[in-house]
Amino acid sequence: MNWLTNVVRPKIRSFLNRRDTPENLWIKCPETGQLVFYKDVEANQFVIPSSNYHMRMSATVRLKSMFDGETWLDLAVREVATDPLKFRDEQRYIDRLRDARAKTNLNDAVKLGLGKLDGMPVVIAVQDFDFMGGSLGMAAAEAVITGLETAVDRGTPFIIFAASGGARMQEGILSLMQLPRTTVAVQKMRESCKPYIVVLTNPTTGGVTASYAMLGDVHIAEPGALIGFAGPRVIEQTIREKLPEGFQRAEYLKDHGMVDMVVHRRKLRATLSDLCRILTKAPPPRARANLPARVKA
Amino acid sequence: MRSYLDFEKPVAELEAKVEELRAMAQSGNAVSVGDEIGRLEAKAAAALKDIYSDLTPWQKTQVARHPQRPHCLEYIAGMITDFVPLAGDRKYGEDEAIVGGFGRFNGESICVIGHEKGSATESRLKHNFGMARPEGYRKAVRLMELADRFDIPVLALVDTAGAYPGIGAEERGQAEAIARSTEACLGLCVPNVAVILGEGGSGGAIAIATANRVLMLEHAVYSVISPEGAASILWRDTSRAQDAATNMKITATDLDRFGIIDRIVPEPLGGAHRDPPAAIAATAEAITEAFSELRGLSREIVRRQRQDKFLAIGRDLD
């Protein structure tokens, strides 16, 4: 990050960002098709009140919804090579990256914060699906590794909100190498004997599930989240059958023993706080920090 | 019957002519064809050398998938003595897409785990074309744990298009099985060496290929997704597989340049399928050397070396 990304980009972004324009006053529930007032959804942690459909949350909003006082320390992540393959499909990879950065105001798909959860220091990483489908490349993996290493150094729990289409294909084999690389960091976390909690959000598939997202001490899934190794389309094409109802959804994974619980976003913060405290033998919080009534985008 | 790839056509034609002349000579109705056979054979060899000295990434993909390319069980038969195959994950089932067991390599105990694609219709079905289900990876984890406990090094022979995408595989936690297998590799306190024999297909490959030393055959390919898969996702057009193969940098030379593999194992002229015994011998030699580099290291150092090696991958690229 330099002054350019910090200072100029947000301005350009706010100019481009249409989230707050009247066009977005009403949004459509992807499940029921019902039109809902955007402000109501925002006030409900981006869960559609009538259908309980959990919409995606941006990394920043997610961090705000977790940390006490909506504040945290950003953690610096080691710089990585930008486009070692000089990759080009229909567009150049560096152009895709530039667009994703402008659109999300993030450096890459994973954002890190060190802050307090009901008074307990924790490191939280959030994968932002809006950044190239939350795909796992060198920069995103470096952030996951930094997050885990920081948690180890400081002796805090580590929580990751996973959301990803899988490995970042534009980085070819280097993206595949992020599976073992992040796993090394997970192993160090295990040795630190502090909780590593994975929250699987919609969708989490591919290489991310085949590495750190399935190696947590506790796996929590948000209702309805698509979670799996192969995408449903690939499976359908391979077996040439229609997939069963609810296949690869959070509830299905719970039934099949892959996640511990499916938790409504309303209860997520308290669940995470309790787990972190119980697993580290810390007493209950003196007072639950008041849940932010509304987390603004 | 040798099967030829489309780009091997000039060689196929010359070799067909040689066969024809041989048949004529045998039936006795030919004048002297010996000279002509020699001349054609030299020409075919030159054409083969010419083609194989400059294969495109897509052509290498085809060579890596060649039906007559030696597969895992042939390597095991050629390199490992007293091999005792073991079966089952002790949780659900036996997946023959991954074979494994214990035997001797150069006279010393070794654990071998590898993807087997099969070589004829029946065996291909039996081994599910080398595409493993969770049971395969859980069996791999089980064997690695045994090897670690008995202080026996692990050899992984990688040849898979990828883990199998199916309902049952997902139901039983394909992703978790792969993640645990990668983790088991990283936890080993005994040296492990992985060889990419043909196709190194994504998570299904890395699950057993996270090794102290990673070797790769000259015409093998190793990638995060198949060229067809990448073409369908990135170009929305599977016919762009050739472009995807080129852009994704999947050849041994590319991977060597990125510091992802430690050594390229040269193949016989015209690819491993032209001379499987020579390919297997060259691979055995490279494996011997790789293990000898790791000899005498303490258990903790072996594990740390592997972790550090993977953490360092890509950090000095620009």
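A nonpolar core is a set of buried Ala, Val, Leu, Ile, Met, Phe, Trp, Tyr and Cys residues joined through side-chain atoms within 4.5 Å. In this predicted model, the largest such core has 172 residues. The members that touch the most other members are L272(A), M79(B), L155(B), L157(B) and Y222(B). Helix α5 of chain A, residues 138-154, gives the most to this core, namely 8 residues. The surroundings of L272(A) can be listed once its neighbours within four places in sequence are set aside: L272(A) is then in contact with M66(A), L117(A), I159(A), F161(A), I197(A), V199(A) and I220(A).

Chain A as a whole is described by a few totals. Its secondary structure comes to 10 helices and 10 strands. Of its 297 residues, 55% count as buried. Among the contacts in chain A between residues at least 6 apart in sequence, 67% join residues at least 24 apart.

The next topic is the interface. Here 47 residues of chain B are in contact with 51 residues of chain A. The two chains bury about 4,400 Å² between them, and 68% of that area is on carbon and sulfur atoms. The polar side of the account consists of 14 residue pairs in polar contact between chain B and chain A, counting pairs with both residues at pLDDT 80 or more. On chain B, the elements that each supply at least two residues of the side touching chain A are α7 (167-171), α8 (174-187), α9 (202-209), β7 (221-223), α10 (227-235), α11 (241-248) and α14 (299-312). The largest share comes from α8(B), with 10 residues. By residue class, the side of chain B that touches chain A divides into 24 nonpolar, 12 polar and 11 charged residues.

Between chain B and chain A the count is 3 salt bridges. One salt bridge joins the side chains of R190(A) and E183(B), at 2.5 Å from N to O. Both of these residues also belong to a network of salt bridges that links R190(A), D217(A), R138(B), E176(B), R180(B) and E183(B).

Over all chains, the count comes to 44 salt bridges. In chain A, the side chains of D118(A) and R269(A) meet in a salt bridge of 2.9 Å, N to O. D118(A) lies in the loop between β4 (110-117) and β5 (120-127), and R269(A) lies in helix α10 (residues 265-279), so the pair ties together parts of chain A that are 151 residues apart in sequence. Are the two partners buried or exposed? The cut-off for buried is under 20% relative accessible area. D118(A) has 5% and is therefore buried, and R269(A), with 5%, is buried as well.

Two salt bridges in chain B can be set beside that pair. D151(B) forms a salt bridge with R299(B), the closest N and O atoms being 2.9 Å apart. Because D151(B) is in the loop between α6 (134-149) and β4 (154-160) and R299(B) is in helix α14, this pair ties together parts of chain B that are 148 residues apart in sequence. D151(B) counts as partly exposed at 47% relative accessibility, and R299(B) counts as partly exposed at 35%. The other salt bridge is formed by E96(B) and K126(B), with the closest N and O atoms 3.7 Å apart. E96(B) sits in the loop between β1 (80-85) and β2 (98-105), K126(B) in helix α5 (residues 121-126), and the two are 30 residues apart. E96(B) is partly exposed, with a relative accessible area of 29%.

Last come some features of the backbone. Most residues other than glycine have a negative phi, and most peptide bonds are trans. The peptide bond from N202(A) to P203(A) is cis, with omega near -15 degrees. P203(A) is found in strand β7 of chain A, residues 196-205. Phi is positive at E70(A), near 55 degrees. E70(A) is placed in the loop between α3 (59-66) and β3 (73-74) of chain A, and at 30% relative accessibility E70(A) counts as partly exposed. In chain B, N128(B) has a positive phi, near 50 degrees. N128(B) is found in the loop between α5 and α6 of chain B, and is buried, with a relative accessible area of 13%.

Methods. Residues are numbered from 1 along each chain as its sequence is written. Chains are lettered from A and ligands numbered from 1 in the order in which they are written. This is a predicted model: local features need pLDDT of at least 70, side-chain atom pairs count only at pLDDT 80 or more; totals for chains, interfaces and linings use all residues. Side-chain values use heavy atoms; hydrogens and water are left out. Contact means heavy atoms within 4.5 Å. Buried area is the accessible area (1.4 Å probe) that two parts lose on being put together, summed over both. A salt bridge is a side-chain nitrogen of Lys or Arg within 4 Å of a carboxyl oxygen of Asp or Glu. A polar contact is a pair of N or O atoms within 3.5 Å; within protein, one must be able to donate a hydrogen and the other to accept it, and residues adjacent in sequence count only if both atoms are side-chain atoms. Helices (H or I, at least four residues) and strands (E, at least two) are DSSP runs, numbered from the N terminus. Ala, Val, Leu, Ile, Met, Phe, Trp, Tyr, Cys and Pro count as nonpolar, Asp, Glu, Lys and Arg as charged, and the others, Gly among them, as polar. Buried means under 20% relative accessible area, exposed over 50%, partly exposed in between (1.4 Å probe, protein chains only).
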